[in-house]
Amino acid sequence: MKKKMSIFVVAAVTAALALVIAACPLEFTGSEERNEIPWGHAAFSDTLAGRSWGYITWVDVEVTFVNGIIDDVNIRHNESRDHGAVLINRAIPLIVQANYFEIDIITRSSMVRTADALIDSWRDILAQLPSE
């Protein structure tokens, strides 16, 4: 009976912790001001794609640049809706708002791999940017 009770307690604490962590906001690495410095050159307008392995599956990132500034981010994935998808859904508007991809995030282990996939995809995109 004690063994069943301790398993229940561990499960309950884990579930409660998951809810608390899922409610944590994403934060910018620095100032919350929008970075107005263009990526590539100021006349660059195009959509570039990057891909990396997430926690469960591939994470495909498309970033649309208008005049060198991030205008839109589209992320296709099959990450679990209570882990990686939470991170992705919260990250997209922050990335567009900041014109900056590498935002600080509060995550748990399965979200860390999704966050790494986003950063790896961003590196693929950076490599495709035209030089000035």
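Before selecting anything, a word on burial: buried means under 20% relative accessible area, exposed over 50%, and partly exposed in between, using a 1.4 Å probe and protein chains only. Keep in mind that this is a predicted model, where local features need pLDDT of at least 70, side-chain atom pairs count only at pLDDT 80 or more, and totals for chains, interfaces and linings use all residues. Residues are numbered from 1 along each chain as its sequence is written, and side-chain values use heavy atoms, with hydrogens and water left out.

Start with a cartoon view. You'll find three helices and three strands, in the order α-β-β-β-α-α along the sequence (DSSP runs numbered from the N terminus: helices are H or I of at least four residues, strands E of at least two). Of the 132 residues, 38% are buried.

Now select F44 and F65. Both are buried. They make a tilted aromatic pair, 5.6 Å centre to centre with 50° between the planes. Rings of Phe, Tyr and Trp (its six-membered ring) pair if their centres lie within 6.5 Å; planes under 30 degrees apart are stacked, over 60 edge-to-face, the rest tilted. F44 sits in the loop between α1 (2-22) and β1 (46-53), while F65 is in strand β2 (residues 58-66), 21 residues apart.

Last stop: W53 and W58, an edge-to-face pair at 5.3 Å centre to centre and 90° between the planes.
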